[in-house]
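Work through the two exercises below with the sequence and the structure open beside you. Try each task before reading its solution.

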Amino acid sequence: MQWKALVESELRARDFVSAEAHLGACLRQCPHLGLWGSYISFVRLATNDDAAKLIEAYELLLDTVGLDVGAVPHWLDYISLLKGKARTEPKLIVRVRGAYQRALVLPLNKLELVWKARRAAHRRPCLLYTSDAADEEDS
(Lines give C-alpha, C1' and ligand atoms only; values in the text may rest on other atoms or scores of the structure.)
Protein backbone atom coordinates (compact mmCIF):
# COMPACT_ATOMS: atom_id res chain seq x y z
CA MET A 1 0.00 0.00 0.00
CA GLN A 2 1.75 3.12 -1.24
CA TRP A 3 -0.16 5.64 0.88
CA LYS A 4 0.67 3.74 4.05
CA ALA A 5 4.38 3.52 3.18
CA LEU A 6 4.46 7.23 2.35
CA VAL A 7 2.75 8.26 5.59
CA GLU A 8 4.91 5.97 7.70
CA SER A 9 8.11 7.37 6.16
CA GLU A 10 6.88 10.88 6.94
CA LEU A 11 6.10 9.88 10.52
CA ARG A 12 9.61 8.42 10.92
CA ALA A 13 11.00 11.74 9.67
CA ARG A 14 8.66 13.61 12.05
CA ASP A 15 7.18 15.49 9.09
CA PHE A 16 3.72 15.84 10.60
CA VAL A 17 2.55 18.52 8.15
CA SER A 18 3.11 16.27 5.12
CA ALA A 19 1.75 13.23 6.93
CA GLU A 20 -1.41 15.11 7.85
CA ALA A 21 -1.84 16.35 4.27
CA HIS A 22 -1.46 12.87 2.82
CA LEU A 23 -3.74 11.30 5.43
CA GLY A 24 -6.35 13.96 4.70
CA ALA A 25 -6.15 13.17 1.01
CA CYS A 26 -6.48 9.41 1.26
CA LEU A 27 -8.16 8.21 4.48
CA ARG A 28 -11.81 8.64 3.48
CA GLN A 29 -11.29 7.24 -0.01
CA CYS A 30 -9.21 4.25 1.09
CA PRO A 31 -10.73 2.17 3.90
CA HIS A 32 -7.54 0.15 4.43
CA LEU A 33 -6.96 -1.07 7.99
CA GLY A 34 -3.19 -0.61 7.79
CA LEU A 35 -3.53 2.97 6.56
CA TRP A 36 -5.93 3.74 9.40
CA GLY A 37 -3.40 2.20 11.81
CA SER A 38 -0.90 4.73 10.47
CA TYR A 39 -3.47 7.43 11.22
CA ILE A 40 -3.55 6.29 14.86
CA SER A 41 0.26 6.41 14.93
CA PHE A 42 0.10 9.95 13.53
CA VAL A 43 -2.38 11.06 16.19
CA ARG A 44 -0.25 9.48 18.94
CA LEU A 45 2.89 11.27 17.77
CA ALA A 46 1.32 14.60 16.81
CA THR A 47 -0.65 14.98 20.06
CA ASN A 48 1.84 13.42 22.51
CA ASP A 49 -0.64 10.63 23.32
CA ASP A 50 -3.49 13.02 24.20
CA ALA A 51 -6.16 10.54 25.38
CA ALA A 52 -9.15 12.62 24.26
CA LYS A 53 -7.77 13.01 20.74
CA LEU A 54 -6.83 9.33 20.60
CA ILE A 55 -10.33 8.29 21.65
CA GLU A 56 -11.76 10.50 18.92
CA ALA A 57 -9.30 9.03 16.38
CA TYR A 58 -10.14 5.46 17.38
CA GLU A 59 -13.86 6.16 17.09
CA LEU A 60 -13.31 7.49 13.58
CA LEU A 61 -11.18 4.45 12.71
CA LEU A 62 -13.73 2.00 14.10
CA ASP A 63 -16.65 3.75 12.40
CA THR A 64 -14.78 3.47 9.10
CA VAL A 65 -12.93 0.12 9.20
CA GLY A 66 -14.16 -1.48 12.43
CA LEU A 67 -15.99 -4.11 10.40
CA ASP A 68 -12.74 -5.34 8.86
CA VAL A 69 -12.08 -8.93 10.00
CA GLY A 70 -8.62 -7.90 11.22
CA ALA A 71 -9.80 -4.99 13.36
CA VAL A 72 -9.73 -6.79 16.74
CA PRO A 73 -6.38 -5.26 17.82
CA HIS A 74 -7.81 -1.79 17.20
CA TRP A 75 -10.97 -2.64 19.16
CA LEU A 76 -8.85 -3.89 22.08
CA ASP A 77 -6.59 -0.82 21.97
CA TYR A 78 -9.64 1.45 21.96
CA ILE A 79 -11.22 -0.39 24.90
CA SER A 80 -7.93 -0.30 26.80
CA LEU A 81 -7.63 3.44 26.18
CA LEU A 82 -11.20 4.00 27.39
CA LYS A 83 -10.59 1.92 30.51
CA GLY A 84 -7.44 3.87 31.32
CA LYS A 85 -9.29 7.17 30.91
CA ALA A 86 -12.23 5.85 32.98
CA ARG A 87 -10.02 5.91 36.06
CA THR A 88 -10.32 9.70 36.06
CA GLU A 89 -13.70 9.95 34.31
CA PRO A 90 -16.03 7.20 35.61
CA LYS A 91 -18.75 8.15 33.09
CA LEU A 92 -16.57 6.50 30.43
CA ILE A 93 -17.40 3.05 31.87
CA VAL A 94 -20.63 3.23 29.85
CA ARG A 95 -18.53 3.77 26.72
CA VAL A 96 -16.28 0.83 27.67
CA ARG A 97 -19.30 -1.45 27.92
CA GLY A 98 -20.67 -0.04 24.67
CA ALA A 99 -17.37 -0.69 22.90
CA TYR A 100 -17.40 -4.31 24.07
CA GLN A 101 -20.97 -4.68 22.84
CA ARG A 102 -20.20 -3.10 19.46
CA ALA A 103 -17.17 -5.34 18.90
CA LEU A 104 -18.81 -8.55 20.04
CA VAL A 105 -21.58 -8.47 17.44
CA LEU A 106 -19.12 -8.21 14.54
CA PRO A 107 -17.76 -11.16 12.56
CA LEU A 108 -14.08 -10.55 13.37
CA ASN A 109 -11.02 -12.78 13.44
CA LYS A 110 -9.71 -13.39 16.96
CA LEU A 111 -13.00 -12.25 18.48
CA GLU A 112 -12.30 -14.63 21.35
CA LEU A 113 -9.75 -12.09 22.63
CA VAL A 114 -12.52 -9.52 23.05
CA TRP A 115 -14.72 -12.14 24.76
CA LYS A 116 -11.89 -13.07 27.10
CA ALA A 117 -11.28 -9.45 28.10
CA ARG A 118 -15.02 -8.83 28.52
CA ARG A 119 -15.51 -11.94 30.67
CA ALA A 120 -12.61 -10.94 32.90
CA ALA A 121 -14.04 -7.44 33.30
CA HIS A 122 -17.51 -8.85 34.01
CA ARG A 123 -16.24 -11.26 36.68
CA ARG A 124 -14.19 -8.60 38.39
CA PRO A 125 -15.68 -5.15 37.72
CA CYS A 126 -12.56 -3.45 39.04
CA LEU A 127 -10.86 -4.72 35.85
CA LEU A 128 -12.95 -2.28 33.85
CA TYR A 129 -10.57 0.33 35.19
CA THR A 130 -7.37 -1.48 34.22
CA SER A 131 -5.80 -1.97 30.84
CA ASP A 132 -4.67 -5.54 31.51
CA ALA A 133 -8.00 -7.29 32.02
CA ALA A 134 -7.10 -10.17 29.70
CA ASP A 135 -3.83 -10.79 31.56
CA GLU A 136 -5.60 -10.88 34.92
CA GLU A 137 -7.89 -13.72 33.85
CA ASP A 138 -4.92 -15.95 33.00
CA SER A 139 -3.42 -15.69 36.48
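This is a predicted model: local features need pLDDT of at least 70, side-chain atom pairs count only at pLDDT 80 or more; totals for chains, interfaces and linings use all residues.

Residues are numbered from 1 along each chain as its sequence is written, and side-chain values use heavy atoms, with hydrogens and water left out.

**Exercise 1.** Find which residues of helix α1 (residues 2-12) are buried, and decide how they are arranged about its axis.

*Solution.* Begin with burial, where buried means under 20% relative accessible area and exposed over 50% (1.4 Å probe, protein chains only): V7, E10 and L11 of α1 are buried. Seen down the axis, these residues fall within an arc of 100°, so they line one face of the helix. An α-helix has 3.6 residues a turn, so residues three or four places apart point the same way. On the other side of α1, Q2 and R12 are exposed. The cover over the buried residues includes α2 (16-26) and α3 (33-46).

**Exercise 2.** Determine how helix α5 (residues 72-86) and helix α6 (residues 93-104) are oriented to each other.

*Solution.* First, the two axes come within 9 Å and cross at roughly 165°. Angles over 145 degrees count as roughly antiparallel, and α5 and α6 are therefore roughly antiparallel to each other. Next, contact means heavy atoms within 4.5 Å, and the residues making it include W75 and Y78 of α5 and V96 and Y100 of α6. By class, this contact has 10 nonpolar, no polar and three charged residues.

Definitions and conventions: Axes are lines fitted to C-alpha atoms, for helices over the stretch in contact, and angles run from 0 to 180 degrees between N-to-C directions. Helices (H or I, at least four residues) and strands (E, at least two) are DSSP runs, numbered from the N terminus. Angles under 35 degrees count as roughly parallel, over 145 as roughly antiparallel, 65 to 115 as roughly perpendicular and the rest as oblique. Ala, Val, Leu, Ile, Met, Phe, Trp, Tyr, Cys and Pro count as nonpolar, Asp, Glu, Lys and Arg as charged, and the others, Gly among them, as polar. The arc is that of the directions from the helix axis to the C-beta atoms.
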